[in-house]
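This report describes how two protein chains meet. Please look at the sequence and the model before reading on.

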Amino acid sequence: MSVVNYARTLQKVILNIGPRCYHRWVTTASVALRIRDSKQNFRCRLWCGLLTPVHYQYSTEGNTSKAKQVPADLVDKLERLALVDFPNQEGLVCLKKAIRFADQLHVVDTEGVDPMDSVLENRALYLREDVVAEGDCADRLLQLSKDTVEEYFVAPPGNIPLPGREEC
Amino acid sequence: LTVHAQIQSITKLFSGSQVRFQAPPNSLVSFFDASLPGTLPVLNRRCVEAAVMTGLALDCVINRKSLFDRKHYFYADLPAGYQITQQRRPIAVDGTLTYSHLGGTRRNTLITKSVRIKQIQLEQDSGKSLHDDRRGQTLIDLNRAGVGLMELVMEPDMSCGEEAAAAVRELQLILQALGTCQGHMDEGQLRVDANVSVHRPGDPWGVRTEVKNINSGRNLARAIDYEIQRQVGVLKNGGTVQNETRSFDRKSGHTLPMRDKEGLQDYRFMPEPNLPPLIVYDRPSTAPPCVHPSQVVVLEEVRAGLPELPRARRTRLVESYDILPEHSFTLVNEDGLTDYFEAVVKETKAGPRKVIGWVNQVLLGLLHHHSLSVSQSPVTPQMLAQLLNLQENGQISSSVAKQVFQELWRAPGKTAQQIIQEQDLGIVSNTTEIHRICQKVVDSHPDQVQAIRGGNKKVLNKLMGLVQKETKGRADPVLVRSILEEKTS
């Protein structure tokens, strides 16, 4: 399982847990996303190990009262939504650990604190003037695609349905 | 109704590539639109102004601080895998769209209704995909990807296809008056999806279905009415309505389930990390002092720059020309008809009420019959004004005027005067001549005269018709009627 996909799933799981929690963990996941080159070389367990000690000062897994089981349907749905592959039991174990790790967010008291999306929130949003400055590079863009037909990109028809759990 | 209106701007919402309707495929695409790594969104000021203007025109509450989010789903024409939209805090909420339509038994009573606008948000458009089923592939053109859209969500306050079509027409007129969207549904600048559900009075809301692929106001009404009937039929047969997405087939007028949608989508909404909140200021004084004026959108300035909205235009027409609200509704509803009407009124001495009859019934009837727009009318406002002047001067009768109008339509090279001279349609004012003709008609129809004397006044119309036939419609109808009444009394 690729590191990028794991980090994305973690990000998604964290964001789904609750809007009133601080999203500091997201920064870690975003850092992981930017290391695209090395995505093939790490094994999932290594990342689990790397992330947990960084936030060691918080309570360990034993403290959380809700140790949820991850039903197979939910795993299937996560796979389809994020196009992530949990090929084996190792992947599922990783996922469970990630969820329990993220559950620690409930320990933090966020009463009366407004949620933050990013650290750049108090910057002014730059407004661009409505003048044409880009475009007209069809040839360069089409070169990037393996398949093109008369200046169109080629894609498979509709969405390819993912094979079900039984077919894997 | 969920309406997606393409913002009329020169460049796209988050990139500097041009917005144009037809262009070589993938020629209006920047690196950001193609979602190449390392590109970032840069918001277009014109799109913000357009959304704020639309919000103000629809009496919305403008959120001073609005946020951008990512809506994730996988499809080939969405290269990034997500669409930047505003789900948590859109730019405008809680508005009202007031619309009217002609109803009543003879469809000439103006019924005014309103529908609440839930929110207006800024979002990106996706690219276009052309399905090549023969070779089992889809061709993707990203020219449209990234164009700014305003998504307007309306509450379910409408109850039939006609109301929905009238609401969309009013929205089109408002957007066109503001200049924020050209509103051509057939060009995809205004896309409407209808959410339809049925329930018995007093019961909770039924399950709703979404109907897509509607490309005109008329088809919107047809699709909604069909869907209502279909759902009522399903429920009457004891079935349940599925929460699904259906596509409208305009040839058959039916809605069919769409193959590609699997159940409820989970869009995994997430805050857009590359865009800080969008702040709109009330007055120039509330804007931060060190920021350049081109970087702030001020509500007061936008409000001051709003043009005349259709609602105000209709009221103005009713007040300045003393016409009925129904008349002004028809005038504003048809593109260019108001200008035509005002041009005719300016040049003729006939009163506006008379002109209205000619414009709304005679001219519009012919235009609809030949499927022409006002700008394509062979009879110009000046020609109609001349014709009405001739009638006012007493040179032709009203029935002749209608004949001449038809002639002008058919052969627009000639003027009204020429046609009247050529066909000798001038009014017959020689009273002795009219007396003679009336006498002849009265003498040759003794039964009708008997009936009139007996009390049946309607037969007089038949005699009048005969007299007019004799005079080829050139006699003044009022005079003919008085002479006939005299003779048959």
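## Strand pairing across the chains

Strand β1 (residues 127-128) of chain A is joined by two bridges to β2(B), and the two run parallel. Strands count as paired if DSSP finds at least two bridges between them. Leu127(A) has Leu43(B), in β2(B), as its bridge partner.

## Basis of the model

The model is predicted: local features need pLDDT of at least 70, side-chain atom pairs count only at pLDDT 80 or more, and totals for chains, interfaces and linings use all residues. Residues are numbered from 1 along each chain as its sequence is written, chains are lettered from A and ligands numbered from 1 in the order in which they are written, and side-chain values use heavy atoms, with hydrogens and water left out.

## Extent of the interface

Chain B places 53 residues in contact with 42 residues of chain A, contact meaning heavy atoms within 4.5 Å. About 4,100 Å² is buried between the chains, 60% of it from carbon and sulfur atoms; this is the accessible area (1.4 Å probe) that two parts lose on being put together, summed over both. In chain B, Phe74(B), Arg268(B) and Gln295(B) lose the most area to chain A, together 13% of what that side buries.

## Salt bridge

The rule finds one salt bridge across the interface, defined as a side-chain nitrogen of Lys or Arg within 4 Å of a carboxyl oxygen of Asp or Glu. A salt bridge links the side chains of Asp117(A) and Arg88(B) (3.1 Å, N to O).

Key. Helices (H or I, at least four residues) and strands (E, at least two) are DSSP runs, numbered from the N terminus.
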